[in-house]
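Good morning, everyone, and thank you for making time for this.

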Amino acid sequence: MRRVDEARRKRIFLSSPHMGGSELEFVREAFETNWIAPAGPHIAAFEREFCERIGITHAVALSSGTAALHLALRVLGVQAGEDIFCSTLTFAACANAIVYERARPVFIDSDEASWNMDPSLLEEALARRARRNKLPRAVVGVDLYGQAADWDAIRAACRRFDVPIIEDAAEALGATYRGRSTGTFGWANVFSFNGNKIITTSGGGLLATEDAKLAEQARHLSQQARDEAAHYQHSKIGFNYRMSNVLAGIGRGQLRVLNDRIEARRRNFAHYEKEFQGLAGLRFMPEASYGRSTRWLTCLLVDPEEFGADREEIRLHLERQNIESRPVWKPLHLQPVFADCDKEGGQVAEGLFQTGLCLPSGSNLTEDDLARVTEAFLSVPRRWRAR
Ligand SMILES: *Cc1c(COP(=O)(O)O)cnc(C)c1O
C-alpha cells in the first residue's frame, strides 16, 4: 500500500527528457578535451549525423529552434512591414521570430485531416493576394504534434506564386511524408531540441537546408557575424546563436536512440487509443494517410455532450492526481499579443483548441505510469446526457 501511495505522488509529466546510454560519454569527451564552448568537434559531428538521419545536405546547430526560425527569416532578408504566412495552430515561437524582424504574421487555419496548415486555404489566399500584388514574403508551415503537413500541396501552391517555405519541424523530427523525412520540404527547415521535444539537448535547435549559401550565412550570423580577420571585424549585425559543443555531444547520443523514441511514443498513443475505445465522445488526432507520425504528443478531442465532461474538467481531474496534461495549442490568432494580425479562416483551429487535450506522452513513461493515467482518465466524473 505504502509503495502505491508513493507512486501516486510522483508527478507524471507531459513530455520529459529521456537520455539513452551514450550521451554522458560524449559529454565526458567534451570535458576531457576541454571543448566547453560554442565550437568543437561534437558540433560538426552532430550536424553531419543529423543530415544523414533525415536526408539533407546542410545543417547548422543552434541554441534553439526559435533561433533557427529567426536566422532563416534574417537570411531571407525579410523587411519591416512585410507579411509572412504562418500556421495559426502552433507555438508562439513561429510568430515571435517573424515579429523580431518587424514583419507581420498572417495566420492560416488548419485542416481537419492533419491539423496542419490547410493547403486549399493557403492556395486561395495566395491567389487573392497575387491579384492585389501583395504576396507574402514567405510561408512558415508547421508539422504539428509529430505529424507532417501536406507538403506536396503546400509546395505546389507556393511554387505557383514563387513564395519560399520555412518548414518548422520542431515537433516532428523522425516523422515521414510519403516516405521522406519531415524537415526536408522547405527552403529552410527548423528543428528544436528543447527539453520537451522527442530528443533533447536540454535546449537547442538546428537549421537544415539544401541551400549551401543559406547554411553558410546562418552559421556566420549565429557566431556574431565575425569576418575572416584576427581583429574581430564585423560588416553585419550578428547573433550569439551557436550550439555549445557540450550540448552537441548530448545531441549525438540522442540521435542514436531516435528510432526507439518514436516507437515508444507511438506505443503510448496505441495504448490510450485501445484503453479508451469504448468511450463515447472522444476522437484521437488523425494520422493522415500520406505519412507516418511520431505521435510526439497523444492528442484527443473531447465532445463534452457525448463524453459527459469537457476537456478542462478532464485536465483538472488529472492534475489533482499529479498528472500533467495540456490543452491543444491556443491558436495564435486568438493570442492577445497577435490580436491585430490578419488571418485566413481560424474556426478549425479554434475548435481543436476548445476540445483538444494532450496526454502524457514521454518515451520514458512506464507501464505503471500509463496505467495510472488511464485509470485517472477513466475515473473522470461524467454528467450523463439527459435522456
Ligand atoms: C518547440 C517549438 C519551437 C521552438 O523551439 P525552441 O527550441 O524552444 O526555441 C518552434 N516551433 C514549434 C512548433 C515548437 O514546438
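I would like to start with Y145, which counts as buried, because its relative accessibility is 2%, where buried means under 20% relative accessible area, exposed over 50% and partly exposed in between, with a 1.4 Å probe and protein chains only. Before I go on, please keep in mind that this is a predicted model, in which local features need pLDDT of at least 70 and side-chain atom pairs count only at pLDDT 80 or more, while totals for chains, interfaces and linings use all residues. Residues are numbered from 1 along each chain as its sequence is written, and side-chain values use heavy atoms, with hydrogens and water left out.

Y145 sits in the loop between β4 (138-142) and α7 (151-160); helices (H or I, at least four residues) and strands (E, at least two) are DSSP runs, numbered from the N terminus. Most residues other than glycine have a negative phi, yet the phi of Y145 is positive, near 50°. Y232 also has a positive phi, of about 50°, although it is not a glycine, and this residue lies in the loop between α8 (212-222) and α9 (245-256). Is Y232 buried or exposed? With a relative accessible area of 55%, Y232 is exposed.

Which residues have the most contacts inside the largest nonpolar core? They are W115 and Y145, in a core of 70 residues, where a nonpolar core is a set of buried Ala, Val, Leu, Ile, Met, Phe, Trp, Tyr and Cys residues joined through side-chain atoms within 4.5 Å. Helix α4 (residues 65-76) gives the most to this core, with eight residues. Because domain 1 (2-16 + 258-378) and domain 2 (23-255) both give residues to this core, it lies between them; the domain bounds come from an automatic or database domain assignment. Leaving aside neighbours within four places in sequence, W115 is in contact (heavy atoms within 4.5 Å) with residues including Y145, C299 and L301.
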